[in-house]
Amino acid sequence: MATLIRSKISNKLSNAATAVSNKSQAKVSGMFAKMGFQAATDEEALGFAACDDLDYDHRQGMQMEILTSDDMGGEGSGDGGAVEGDSHYQRDGTGPPHSASKDAGPTEELSEEKPKITAWEAGWNVTNAIQGMFVLGLPYAILHGGYLGLFLIIFAAVVCCYTGKILIACLYEEDEDGQLVRVRDSYVDIANACCAPRFPSLGGHVVNVAQIIELVMTCILYVVVSGNLMYNSFPNMPISQKSWAIIATAALLPCAFLKNLKAVSKFSLLCTMAHFVINVLVIAYCLSRARDWAWDKVKFYIDVKKFPISIGIIVFSYTSQIFLPSLEGNMHKPSEFHCMMKWTHIAACILKGLFALVAFLTWADETKEVITDNLPPTIRAVVNVFLVAKALLSYPLPFFAAVEVLEKSLFQDGGRAYFPDCYGGDGRLKSWGLTLRCSLVVFTLLMAIYVPHFALLMGLTGSLTGAGLCFLLPSLFHLKLLWRKLLWHQVFFDVAIFVIGGICSISGFIHSMEGLIEAFRYNIQE
């Protein structure tokens, strides 16, 4: 018996010494690899895996002892559920959250459940984002970019689809069995992971600010284009463009009551149907004038001063990265996410390119910032009614996302929240929380009234935050979090996207600001 005990003690000491040695070796190797001197070898990786397994077995054994003692003392859960802090839950993120209570009632459990969405519903939301009202500005981009503008419509679709996929890849890490496990939930979590450990919350704050600017500016643009379309559809009515914007905003106030993404998906489906009708009407009119198309007006050179604005317009028309982590996390089958991204961006690329080219060929140098302003009054009124409906149906998606970001960062950030939770214990929105949502709608109206230049504002936003959230940050985060697993061509793509995105962002921002300043200085009307 004594020999057996000594043998077990000797084995445990030997295993512990081996674990410490392997862990130290792996940490040193990992540190040097991060500094760029060399990559970790297979032997070191195996040593770290062995150390991890020993550590896991040790913690699991300790946890079983705790469970056994609890059962003996009558403190067991009764359901065989794991105790908070179980190593299994810490490793792969499954099971109840740490804040879950053992005696939580059924009401709390039901309030935490959110309805899942299908790949089709996720696709409608992505289509809503990338096939939105901003298609109206694409012919204006062809006016200043010519064939290069058409190429950028295709190029932006490919790049935004790629960056959307790598952004979702940053949400996952491999467990000890080589299975991908979702360890992050949002764009902010990815940013914080990249800035840790020195600045664990800096990246999240930067992304939060960029997301809020992007989403709120998108909402503003929907109000701007609604007022513009209604004013140009009924010019003889004694109602100004600002008054039409106020009427549109009144119709958007019910958005303050939105509770989940599934409800937003229904609006996105109706929005896509309205978009299809609009494309059919505009392209049909353009085809009726096909014999007058001005092919010679499509240039091979660019307007150096105004083309950077076109870049911002094209980029902004593809921005959907803000919504992707939430959409993928709410899907019934997240494995269908990549397929959904492919067909939505292929469809967007074809429809956008066709719409922009056909519309520009029809009006050539007379192409306006909002292409429907070129239509004859009768057709314009019909198309604009559908466009206004589309704008109003598009508004809930960015508004809901903006509200979600603000609530999580200011009201629901655990002990770090700046304000008390705007939801009651039963999950209902408090009255002052509803007031804040309505205030956000009114804020978008005020901005729409004082900054009415649709294309310039879209180019400015696309250059400032669109390029950052679509090109710069996803590629940077992908390199930072998955550096050891990337192939050389993936590294090349990420670096190239980051450099090109940075150049386009800076140039587009400068020229868009110049355009806005000029418009205000000389009181230029749309």
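Biologist: Hi! What should I know about the numbering and the model before I start?

Modeller: Residues are numbered from 1 along each chain as its sequence is written. The model is predicted, so local features need pLDDT of at least 70 and side-chain atom pairs count only at pLDDT 80 or more, while totals for chains, interfaces and linings use all residues; side-chain values use heavy atoms, with hydrogens and water left out.

Biologist: Where does UniProt place the feature "transmembrane region"?

Modeller: The unreviewed UniProt entry puts it at residues 147-168, 209-231, 267-287, 307-324, 344-364, 434-451, 457-479 and 491-510. UniProt positions follow the numbering used here, feature names are shortened, and annotations may be inferred rather than shown by experiment.

Biologist: Why is the pair of Tyr187 and Phe477 called edge-to-face?

Modeller: Because their planes are at 80°, with the ring centres 6.2 Å apart. This pair links distant parts of the chain, as Tyr187 is in helix H7 (residues 187-195) and Phe477 is in helix H17 (residues 454-481), 290 residues apart.

Biologist: Is Tyr187 buried or exposed?

Modeller: Tyr187 is buried, at 1% relative accessible area, and Phe477 is buried at 6%. Buried means under 20% relative accessible area, exposed over 50%, and partly exposed in between (1.4 Å probe, protein chains only).

Biologist: Which ring pairs form a cluster?

Modeller: Ring pairs join Trp120, Trp124 and Trp343 into a cluster.

Biologist: And what sits over the ring of Tyr318?

Modeller: The charged end of Lys352 does, 3.5 Å from the ring centre. To count, NZ of Lys or CZ of Arg must be within 6 Å of the ring centre and within 35 degrees of the ring normal.

Biologist: On to helix H15: why is it called largely enclosed?

Modeller: Because 11 of its 15 residues are buried, helix H15 is largely enclosed by the rest of the structure. Among those buried residues are Phe399, Phe400 and Glu407.

Biologist: What do the buried residues of H15 pack against?

Modeller: They pack against helices H5 (119-130), H8 (202-233), H10 (261-288), H14 (377-394) and H16 (431-450). Contact here means heavy atoms within 4.5 Å.

Biologist: How many disulfides are there?

Modeller: The count is 0, where a disulfide is a pair of cysteine sulfur atoms within 2.5 Å. For Cys160, the nearest cysteine sulfur belongs to Cys470 and is 4.5 Å away. Cys160 is buried at 0% relative accessible area, whereas Cys339 is exposed at 51%.

Biologist: Last one: which residues does His144 touch?

Modeller: Leaving out residues up to four places away in sequence, His144 touches Lys299, Ile302, Asp303, Lys306, Phe307 and Ser310. His144 lies in helix H6 (residues 138-169) and is buried, with 8% relative accessible area.

Key
Rings of Phe, Tyr and Trp (its six-membered ring) pair if their centres lie within 6.5 Å; planes under 30 degrees apart count as stacked, over 60 as edge-to-face and the rest as tilted. Helices (H or I, at least four residues) and strands (E, at least two) are DSSP runs, numbered from the N terminus.
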